[in-house]
Amino acid sequence: MLTFAHKPDFGPLLNIYLSFHPGVQLSAWLKRRNKMASNLKLLVKGAEQVVLVCKSGEKFLTKEGMQNLAIIENGSVVIGHDGQIKAVGSADSIESQFRDTVFDKVIDATGMCVLPGLIDAHTHPVWAGDRVHEFAMKLAGATYMEVHEAGGGIHFTVKHTRAAPPETLLEGLKGRLERMLRAGTTLVECKSGYGLDLNTELKMLSVIDAAQRSMPIGISSTYCGAHAVPRGKTMEEATEDILSVQLPAIQKQMTEGSLQVDNVDVFCEKGVFDLNSTCRILQAGKDMGLNINFHGDELHPMNSAQLGAKLAALAISHLEEVTDEGIAAMAAAKTSAILLPTTAYILRLPCPRARDMLDAGVIVSLGSDFNPNAYCCSMPMVMHLACVTLKMSMPEALAAATINAAYALNRSHSHGSLEPSKQGDLLIIHAPRWEHLIYQFGSHQELIRFVIIKGTIVYVNDKVLDL
Ligand SMILES: N=CN[C@@H](CCC(=O)O)C(=O)O
Ligand SMILES: [Zn+2]
């Protein structure tokens, strides 16, 4: 198999050239053209497997599509100077097709596998003050809401994040993104939500923007000012503040071009934001052009899934307590379910019903939920948990962490699979089959040899050991 981004049409150019050089033979012209035009950025050649995930421009995968990923045995990938994939195919076909091409960089992937860069569809990575002490409380039996209501949890992080200068937050964020990158994440959703007031929410969103400008990892930025009801306010007052103060100020900065925000989020939960407030905030965000992507049905069944479907939400996260009606509504509305296996694991919650969602045709994606409660930067670890605790198969987990996560972030036109014209984001792992990335849990730092974004190597691990 060999696929190209564009079928080149040399007809018009050829005619012009021949009209100025009537004596020139066609074959001589072609040789000269090849010599002049053939320089590309990166060739990854001879990989044991190249996992495309999908190959026909699918925007997401469901049901059997998630079980049958597109894979090329003994394959190669070509990336151009624009950072886009130019061709993927069998090593032989790429070799003969690009024989005359000069590459800036060639990676011999013998003994290795190539996968699309992983996409983490749900994180809270901007904060100050860790919560290791709360981990001990939870191990001793305290529930998430007990810690939250006692002033810990999100409130603890809000206090520390409000007090932190932006430089400190940026430094912390960059360190976490760096860890994610080394674990194979090339696109990550990043939420605000530890400010709960205008200034701190803007500070967090600006810090996310600054990280995006200075790091290669791709970011989808989410305003999550409705992550908790701030101390001293009722839910109604907090909702009014978001609708009449925070969202308009964010919209102003977006219009002026000083802030980039992609999604709007609310924690729709008993004791946090109810269905009505959630609906009003999400609708207001949508009216500003943001994608709806929110927390729902986590600790109690709230009918969040039905609300999200009604609002044409792109994604809803958690869903540990989703109902059958909610699942059916999400499948019909093509609202992606972002499942977060780390949350149920850390909090010892019932797991989200991944199998029921998959069987119903819901677009299941995955996120790490990295936050001070669930300190996990590793999508390979998340995929492993998804397989063991949510009963997903390895191909389902990979589809959920690539093309479907890209869909949840409205990026599946450019991310999530290794197809021509998509961004050249990929991982090269030192293993004879791609499944080792999930199977060898906790070992991604030993397996991942290269992380590549837009055809540029952004991480090389030369300490990979054969076991
Ligand atoms: N559930 C709400 N928000 C986060 C936790 C945030 C925190 O505890 O700081 C989550 O997705 O798990
Ligand atoms: Zn979350």
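Is the crossing of α8 and α9 right-handed or left-handed? Keep that question in mind; I will come to the two helices in a moment. A word first on what we are looking at: this is a predicted model.

Let me start with the helices. Two packed helices are described by the angle between their axes and the distance between the axes. I will give both for each pair.

The pair in my question is helix α8, residues 166-182, and helix α9, residues 198-214. Their axes come within 9 Å and cross at roughly 50°. Angles under 35 degrees count as roughly parallel, so α8 is oblique to α9. The crossing of these two is right-handed, and that answers the opening question. On the α8 side, the contact is made by P166, L169, L170, L173, K174 and L177. On the α9 side, you can find K203, M204, S206, V207, A210 and A211. Sorted by class, the contact of α8 with α9 has nine nonpolar residues, one polar and two charged.

Now stay on α9 and look at its contact with helix α10, residues 235-256. Here the axes come within 10 Å, and the crossing angle is roughly 30°. That makes α9 roughly parallel to α10. The crossing of α9 past α10 is right-handed. From α9, the residues L198, E201 and L202 meet V245, Q246 and A249 of α10. This contact has four nonpolar residues, one polar and one charged.

The next step is from α10 to helix α11, residues 275-287. What is the angle at which α10 and α11 pack? It is about 5°, with the axes 10 Å apart. That makes α10 roughly parallel to α11. In α10, the residues are M235, T239, I242, L243 and L247, and they meet S277, R280, I281, A284 and G285 in α11. By class, six of the contact residues are nonpolar, three are polar and one is charged.

On to the strands. Eight of them form an open sheet with parallel pairing, and the order is β7-β8-β9-β10-β11-β12-β13-β14. Which strands stand at the edges? They are β7, residues 118-120, and β14, residues 364-366. Each has a single partner strand, so one side of each is left without a neighbour in the sheet. From one strand to the next, the twist averages 25°.

Strand β7 is joined to β8, residues 185-191, by three bridges, and the two run parallel. One pair to find on screen is D120, whose bridge partner in β8 is V188.

Strand β2, residues 39-53, and strand β3, residues 70-79, run antiparallel and are joined by eight bridges. Here Q49 stands opposite E73 of β3. Strand β3 is also joined to strand β4, residues 85-90, by five bridges, and this pair runs antiparallel as well. V77 stands opposite V88 in β4. The hairpin of β3 and β4 has five residues between the strands, and G83 in that hairpin takes a positive phi near 85°.

Last, the ligand. How many residues surround ligand 1? There are 13, and the closest are I154, T343, D369, N371 and N373. By class, the shell is made up of seven polar residues, four nonpolar and two charged.

To recap the helices: α8 is oblique to α9, α9 is roughly parallel to α10, and α10 is roughly parallel to α11. That is the end of my part.

Notes:
Residues numbered from 1 in each chain as written. Chains lettered and ligands numbered in written order. Predicted model: local features only at pLDDT ≥ 70, side-chain atom pairs only at ≥ 80, totals over all residues. Near = placed C-beta within 6 Å. Nonpolar A, V, L, I, M, F, W, Y, C, P; charged D, E, K, R; others polar. Pairing = 2+ DSSP bridges. Helix = DSSP H or I, 4+ residues; strand = E, 2+ residues; numbered from the N terminus. Axes fitted to C-alpha atoms, helices over the stretch in contact; angles between N-to-C directions. Parallel < 35°, antiparallel > 145°, perpendicular 65-115°, else oblique. Left-handed = near helix turned anticlockwise from the far one by under 90°. Contact = placed C-beta atoms within 7 Å.
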